[in-house]
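Trainee: Before we look at the model together, could you show me how to read its features one at a time, beginning with the charged pairs?

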Amino acid sequence: MILNEWKNYPASIDSFSTILDDILSAAQDAEMANRLKNKLRLGIEEAVVNIINYAYKSEGEIFIKTSADTDYFYIELVDFGTPFNPINNSDPRANDKSDVKYLKPGGKGILLIKKIFVSISYSYDLFQGKSANHLILKFKKNV
């Protein structure tokens with residue numbers, strides 16, 4: 001089921017498995033190559049769990065819509081949480097050649113998302129009449 005219409009979920013860790021299942025089901029319907037689904041799963045986990053953990057100080061919700069064309073699968077995520085542009089968030093460790101086990105935790109998820117998705121676009125604009133974070137993730141369906 002491609003989520004052509006916006007679907008909303010509680011921004012809670014209890015909702016994560018439903019969100020993941022719905023997005024992966026949409027990817028299946030979009031005829032994504034099976035060998036890419038684990039990579040997509042990892043990217044979804046990073047993006048959605050970051051929203052769940054950091055966007056809201058209390059209860060909130062996540063809106064999700066998916067679409068596809070011949071070559072790409074798109075995931076749109078919207079939340080009304082604290083404004084956060086992951087594209088502009090640069091981790092100073094990105095060029096650190098140290099062994100990963102010596103790096104301090106935190107911030108690696110954004111780097112991972114940037115490597116998994118072909119492109120990421122972010123805007124902070126109106127959604128349903130309120131200011132919202134809007135993230136569009138573009139993933140290659142077949143490689």
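Mentor: A salt bridge is a side-chain nitrogen of Lys or Arg within 4 Å of a carboxyl oxygen of Asp or Glu. Keep in mind that this is a predicted model, in which local features need pLDDT of at least 70 and side-chain atom pairs count only at pLDDT 80 or more, while totals for chains, interfaces and linings use all residues. Residues are numbered from 1 along each chain as its sequence is written, and side-chain values use heavy atoms, with hydrogens and water left out.

Trainee: By this rule, what does the count of salt bridges come to?

Mentor: The count comes to 1 salt bridge, which Asp 22 forms with Lys 7, the closest N and O atoms being 3.0 Å apart. Helices (H or I, at least four residues) and strands (E, at least two) are DSSP runs, numbered from the N terminus. Asp 22 lies in helix H1 and Lys 7 in strand E1, so the pair ties together parts that are 15 residues apart in sequence.

Trainee: Is Asp 22 buried or exposed?

Mentor: Buried means under 20% relative accessible area, exposed over 50%, and partly exposed in between, with a 1.4 Å probe and protein chains only. Asp 22 is buried, with a relative accessible area of 10%, whereas Lys 7 is partly exposed at 32%.

Trainee: Where is Ser 15 placed, and which backbone oxygen lies 3.2 Å from a polar atom of its side chain?

Mentor: Ser 15 sits in the loop between strand E1 (7-10) and helix H1 (16-29), and Ser 15 is buried, with a relative accessible area of 10%. The backbone oxygen of Pro 10 is the one that lies 3.2 Å from a polar atom of the Ser 15 side chain.

Trainee: How should I read the sheet, and what is the order of its strands?

Mentor: Two strands pair if DSSP finds at least two bridges between them. Here an open sheet of 5 strands has the order E1-E2-E3-E5-E4, with antiparallel pairing. E1 and strand E4 (119-127) stand at the edges, each with a single partner strand, so one side of each is left without a neighbour in the sheet. The twist averages 25° from one strand to the next, where axes are lines fitted to C-alpha atoms, for helices over the stretch in contact, and angles run from 0 to 180 degrees between N-to-C directions.

Trainee: How many bridges join the strands E1 and E2?

Mentor: E1 and strand E2 (residues 61-68) run antiparallel and are joined by 4 bridges, and Pro 10 has Glu 61 as its bridge partner in E2. E3 and E5 pair over 8 bridges, with Asp 79 opposite Asn 133 in E5. E4 and E5 pair over 9 bridges, and in their hairpin, which has 2 residues between the strands, Gln 128 takes a positive phi near 55°.

Trainee: Which residues touch the most other members in the largest nonpolar core?

Mentor: In soluble globular proteins, nonpolar side chains tend to be buried together. A nonpolar core is a set of buried Ala, Val, Leu, Ile, Met, Phe, Trp, Tyr and Cys residues joined through side-chain atoms within 4.5 Å. The largest one has 40 residues, of which Leu 40, Phe 73, Ile 75, Leu 77, Phe 117 and Leu 137 touch the most other members. H1, H2, E2, E3, helix H3 (108-116), E4 and E5 each supply at least two residues of this core.

Definitions and conventions
Polar contact = N/O pair within 3.5 Å; in protein donor to acceptor, adjacent residues only side chain to side chain.
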